[in-house]
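Hi,

Here is the structure I promised to pass on to you. Have a look around in it before you read my notes below.

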Amino acid sequence: MPTAIIADDERLMRDQLRMRLEQVWPELEILGEAKNGDEAIELVNELNPDFTFLDIRMPGKTGMEAAAEIGNKSNVVFVTAYDAYAVEAFERGAVDYVLKPPEPERLKITVERLKSRLSSPAASAAQGADMAAILSQLAEKIASPKQKYLQWIQASIGSDLRMIPVEEILFFRSDEKYTCVQTDKFEALIRKPVRDLAEELDPSLFWQIHRATLVNVNAIEGVTRDIRGRHLVMIKGRSDKLEVSRSFLHLFKQM
């Protein structure tokens, strides 16, 4: 029976990938799950799985750093939300990948590749031998200017997981536990605080206007003042008004 582990810092993504794998490859036994690269390395050493599904970006050791240490101990399958131009790096290398969110039809293609690896020890050995070159190529792609900033936000809506293009997000607003991700059509929640998002999003697209708020520049209709003298950002087509802290008022001097 083929075996695998799943490593992703988002529990919902781990659950979704496990469910999809059970649908398209019921014979595959998931031996364990990890929340970061360090835990993934420990599980590989302990459980010796045939396959290791690694999210590329995780806290602690990233998926790429973990893959470098795992080497040929397990067949690495990268899990990624990167768009087609970055996927080219996967297609050219002796490595497999799963795009977020995992769709059954696309996952079937990956599973067929993995089954071929099980029946061809030479293919698995080639992946281990080429891993350093593959990781170098991936690092170059990911570090390119096009991928400097987040392109997607992974957020939960009830029990569902959504991949939301950042250009569709109107604003982010945090409370003590969660950050609200507001689009024109729905609201979702993430655990990442605004201070982290501010470093990962393109500052020419998202302005931080408050310690708890980021707004999409293209969604701004204008700025008004209330009877208390507070400056409020108006959002196109919505009744939302977002407070601007004094330290961020300089952003609107040209408006």
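One term before we start: a residue counts as buried when its relative accessible area is under 20%. Also keep in mind that this is a predicted model.

Let's begin with strand S1 (3-7). Five of the five residues of S1 are buried, so the strand is largely enclosed by the rest of the structure. If you want to check this by eye, look at the two faces in turn. In a regular strand, side chains alternate between the two faces of the sheet. In S1, Thr 3, Ile 5 and Ala 7 sit on one side, Ala 4 and Ile 6 sit on the other, and all of them are buried, which leaves both faces covered.

Which strand is joined to S1 by five bridges? That's strand S2 (residues 29-34), and the two run parallel. To find the spot, go to Ala 7, whose bridge partner in S2 is Ala 34.

Ala 7 turns up again in the largest nonpolar core, which has 17 residues. Along with Leu 54, Ala 67, Ile 70, Val 76 and Phe 78, Ala 7 touches the most other members of that core. Strand S1, helix H2 (37-47), helix H3 (63-70) and strand S4 (75-80) are the elements that each give two or more residues to this core.

Now for a hairpin. Strand S6 (residues 152-157) and strand S7 (residues 160-165) pair in the antiparallel sense, over six bridges. Two residues lie between the strands, and Gly 158 in the turn has a positive phi of about 65°.

Further along there's an open sheet of three strands, in the order S13-S14-S15, with antiparallel pairing. Strand S13 (220-225) and strand S15 (241-244) are the edge strands, each pairing on one side only. From one strand to the next, the twist averages 30°. S14 (residues 231-235) and S15 are paired over four bridges, and Val 233 stands opposite Leu 242 in S15.

Last, a pocket. How much space lies in the second largest pocket? About 180 Å³. What kinds of residues make up its lining? Six are charged, four are nonpolar and two are polar. Among the lining residues are Asp 175, Glu 176, Lys 177, Arg 191, Arg 195 and Arg 211, as well as Tyr 178 and Pro 193.

Happy exploring!

Notes: Residues numbered from 1 in each chain as written. Predicted model: local features only at pLDDT ≥ 70, side-chain atom pairs only at ≥ 80, totals over all residues. Heavy atoms only, no water. Pairing = 2+ DSSP bridges. Axes fitted to C-alpha atoms, helices over the stretch in contact; angles between N-to-C directions. 1 Å grid on protein atoms, 1.4 Å probe; cavity = no way out; pocket = protein on both sides within 12 Å on 5 of 7 lines; lining within 4 Å. Points joined across faces, edges and corners; volume = space filled by probe spheres on them. Nonpolar A, V, L, I, M, F, W, Y, C, P; charged D, E, K, R; others polar. Core = buried A, V, L, I, M, F, W, Y, C linked by side-chain atoms within 4.5 Å. Buried < 20%, exposed > 50% of the residue type's maximum accessible area, 1.4 Å probe, protein only.
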